[in-house]
Amino acid sequence: MEPRIVSLPAFTVVGVKYHGRNENNEIKQMWDDFGPRMGEIKHMVDKHACYGVCANEDKETHAFDYFAGFEVDSTDDIPDGMVSFKVPASTYAAFRTTLPSIGQTFDHAYQKWLPQSGYQGTGGPDLELYDEEFDPAVPESTFEILIPIAK
């Protein structure tokens, strides 16, 4: 499973935020709750590109922030109950996966591919990019996970 290497400029995501360890599948519930509210986000850059952003992991407790949202070109008019998060510019290794195999794909990316790749992880936010190929009702539909890397 070879990734494509892609560089992205900094961008801002507006959406909802979860903080915790996802021990009871809270992130899935967050996405379910977010779905009906997606249309409230103004200033979307691409309504066919939704992001999951995993950041700020606490190394002791393993709690982390997870943002579900869309890239915006302005943070004016953020809907009630939503937040913004600035994703830094980075180079990423992008792996195509499915929801049932996302855990194995992250394991492969970090445990197998990265140590042999000549790249290093940067510790920046991991991204999930749900594009027009993704349909949450179809388990086999694909999306990308992007892990931040540097030479």
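A residue is called buried when its relative accessible area is under 20%, exposed when that area is over 50%, and partly exposed in between, using a 1.4 Å probe and protein chains only. By this rule Tyr130 is buried, because its relative accessibility is 10%. The structure is a predicted model, in which local features need pLDDT of at least 70 and side-chain atom pairs count only at pLDDT 80 or more, while totals for chains, interfaces and linings use all residues. Residues are numbered from 1 along each chain as its sequence is written, and side-chain values use heavy atoms, with hydrogens and water left out. Helices (H or I, at least four residues) and strands (E, at least two) are DSSP runs numbered from the N terminus.

**Tyr130 and its surroundings**

- Tyr130 belongs to strand 8.
- Leaving aside neighbours within four places in sequence, Tyr130 is in contact (heavy atoms within 4.5 Å) with Trp31, His48, Ala49, Cys50, Gly52, Tyr66, Leu99 and Phe143.
- His48 is 82 residues from Tyr130 in sequence, yet their C-alpha atoms are 7.7 Å apart in space.
- The side chains of Tyr130 and Glu128 are joined by a polar contact of 2.6 Å. Such a contact is a pair of N or O atoms within 3.5 Å; within protein, one must be able to donate a hydrogen and the other to accept it, and residues adjacent in sequence count only if both atoms are side-chain atoms.

**The largest pocket**

- A pocket is defined on a 1 Å grid over the protein atoms alone, as an open set of points where a 1.4 Å probe fits, with protein on both sides within 12 Å along at least five of seven lines; lining residues have an atom within 4 Å of a point.
- The largest pocket has a volume of about 1300 Å³, where volume is the space filled by probe spheres set on the points, and points are joined across faces, edges and corners.
- Its lining comprises 41 residues, and Tyr66, Ile102, Phe106, Glu128 and Tyr130 lie nearest the centre.
- Two or more lining residues come from each of helix 1, strand 3 (50-55), strand 4, helix 2 and strand 8.
- Helix 2 gives the most to this lining, with 6 residues.

**Helix 2**

- Helix 2 (residues 102-117) has a kink of about 35° centred on Ala109, the bend being the angle between axes fitted to the seven residues ending at a residue and the seven starting there.
- Its buried residues are Ile102, Thr105, Phe106, Ala109, Trp113, Leu114 and Ser117.
- These buried residues pack against strand 1 (4-8), strand 6 (90-97), strand 7 (120-121), strand 8 (126-130) and strand 9 (143-150).
- Gly118, with a positive phi near 90°, follows the helix.

**Nonpolar cores**

- A nonpolar core is a set of buried Ala, Val, Leu, Ile, Met, Phe, Trp, Tyr and Cys residues joined through side-chain atoms within 4.5 Å.
- The largest core has 28 residues, and Trp31, Phe34, Tyr66 and Ile147 have the most contacts inside it.
- Strand 2 (11-20), helix 1 (26-34), strand 4, strand 6, helix 2 and strand 9 each give this core two or more residues.
- Another core lies apart from it and has 15 residues, among them Ala49, Tyr51, Phe85 and Leu127.

**Loop residues**

- Ser74 lies in the loop between strand 4 (64-72) and strand 5 (83-87), and counts as buried because its relative accessibility is 18%.
- A polar atom of the Ser74 side chain is 3.1 Å from the backbone nitrogen of Asp76.
- His43, in the loop between helix 1 and strand 3, is not a glycine but has a positive phi near 70°.
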